[in-house]
Amino acid sequence: MPKLAINGGTPVRTELFPAYNTIGEEEKKAVMKVLDSGNLSQFLGAWHKDFYGGPTVQQFESDWAAAFDSKYAISVNSNTSGLFAAIGACGIKAGDEVIVSAYTMSASALAPVIYGAVPVFADVDEDNFGLSPESIESCITPRTKAILVVHIFGNPAKMDEIMSIAKKHNLYVIEDCAQAPLATYKDQKVGTLGDIGIFSLNYHKHIHTGEGGVLTTNNEELAERIYLIRNHGENIVEPKGIENVFNSHGFNFRMTEMEAAVGIQQLKKLPELIEERIRNVEKLNLELGKIDGIQTPVVESGNKHVYYVQALRYFKDIVGVDRNTFVNAFKAEIPSAILREDTPLIGAGYVKPLYLQPLYQQRATHCSFNCEKYKGTVDYSLGICPNVEKLHFHELITHEYMRPGMSEQDVNDVISGFYKVADNVDELR
Ligand SMILES: *Cc1c(COP(=O)(O)O)cnc(C)c1O
């Protein structure tokens, strides 16, 4: 009689896991107050006090700045638009190169393309999955203008090494903190280590406003450029008396008053939501770490990982079957959903190495790598980032079974699922 559910045995659990929902009465009340005011956005794309948005947006930004130890916090309508604004604010243009991680959400690498610049993909560190300092060094050319760091999965990248490379070569450092709100590197909050940090408030993230994002910076000049890019800057430079109008063309990246009202309430809940994630992961680490062939997250001392997902490394030669077979067997033991739909809670790997996407393989854009101003030759072929490829295709398991709302029993069931598959791998050979 087979034991594993994938072979017809009885699964560890069939009951769905609780939905992750951070929205409650506080958000409802706050949104109703905005609706009652009739003022759903107070932004004006002109040089006027409302250029900076309405009272709720400004309150949200000052709360965010205080919580993240940043001089400026500038709200936008997504992390993606925040990345575009950051690249624009740094003056990055056609002919320039930006070093990006190959293992991240696609928007982190797309931002330079929007400004006509070329993303150069660097490899990741095989223990913390953030940019590898050695790989960054090997990607630097006379055209490099910035390093776009991602604190992937909530674990801070190796910022001391990255900042010293940036200093040596006079490069901007932009931190994509979408997965790492309130994570710290050597006791300093991510988003304040480089020149600009960017956070996401889309509904898959730790906290959300439906859609939304926030940029942080301590640099007044960068903040001014971000305000211009967020809100029709071409109209503002003349009346405001800005002489350096470079990159003053703006978009509409403005957040609404309702989203800001939700954001104010969500921000208050964030520290406790993170502590709950950490408590659940500590338990998972303790138990999953006992399985030969599974490596739990490596967090350098002084750092705080905030666990957007728990990323495990899986070693096929020790466990005895390949990762995808293991994950498929696990998925049969435990329900793989449920957020508010059927997004799977566990995956083999993360996203495909970005340079393998059709955009880069076909070089399908009118500027960037095809621009006559570009004097380099960028390589997007299979093999350029061996760690990313090894992790994605063979070693990495990412899951979200540590979200707040998971009870002790829920977490125990997840652990039992891993143990059961590990104890019965013979059935999978
Ligand atoms: C979610 C995410 C983004 C995009 O955020 P949006 O707010 O949806 O635009 C960018 N980078 C990373 C690393 C992300 O996880």
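## A walk through the predicted model

Start by selecting Phe418: leaving aside residues up to four places away in sequence, it touches Leu288, Ile291, Ile294, Leu312, Phe326, Phe330 and Ile346. Touching, or contact, means heavy atoms within 4.5 Å. Before you go on, note that this is a predicted model, where local features need pLDDT of at least 70, side-chain atom pairs count only at pLDDT 80 or more, and totals for chains, interfaces and linings use all residues. Residues are numbered from 1 along each chain as its sequence is written, and side-chain values use heavy atoms, with hydrogens and water left out.

Together with Phe418, they have the most contacts inside the largest nonpolar core, which has 136 residues. Such a core is a set of buried Ala, Val, Leu, Ile, Met, Phe, Trp, Tyr and Cys residues joined through side-chain atoms within 4.5 Å; buried means under 20% relative accessible area (1.4 Å probe, protein chains only). Helix 9 (residues 257-288) gives the most to this core, 10 residues.

Stay on helix 9. Helices (H or I, at least four residues) and strands (E, at least two) are DSSP runs, numbered from the N terminus. Helix 9 has 32 residues and reaches 44 Å from first C-alpha to last, close to the 46 Å expected at 1.5 Å a residue; that expected span is 1.5 Å times one less than the number of residues.

Next, the open sheet of 7 strands, with order 1-9-8-5-4-2-3 and mixed pairing. Strand 1 (72-76) and strand 3 (118-122) are at the edges with a single partner strand each, so one side of each has no neighbour in the sheet. Two strands pair if DSSP finds at least two bridges between them. Strand 2 (residues 97-101) pairs with strand 3 in the parallel sense over 5 bridges. Click Ile99 and you'll find Val120 of strand 3 opposite. Helix 2 (residues 55-67) packs on this sheet, touching strand 1, strand 8 (196-200) and strand 9 (213-217).

Last stop: an open sheet of 4 strands, order 10-11-13-12, with antiparallel pairing. Its edges are strand 10 (294-295) and strand 12 (346-348); each has a single partner strand, so one side of each is left without a neighbour in the sheet. Which residue stands opposite Ala348? Select Ile397 in strand 13 to see it. Strand 12 and strand 13 (residues 396-399) run antiparallel, joined by 3 bridges.

Technical notes
Buried means under 20% relative accessible area, exposed over 50%, partly exposed in between (1.4 Å probe, protein chains only). Axes are lines fitted to C-alpha atoms, for helices over the stretch in contact, and angles run from 0 to 180 degrees between N-to-C directions.
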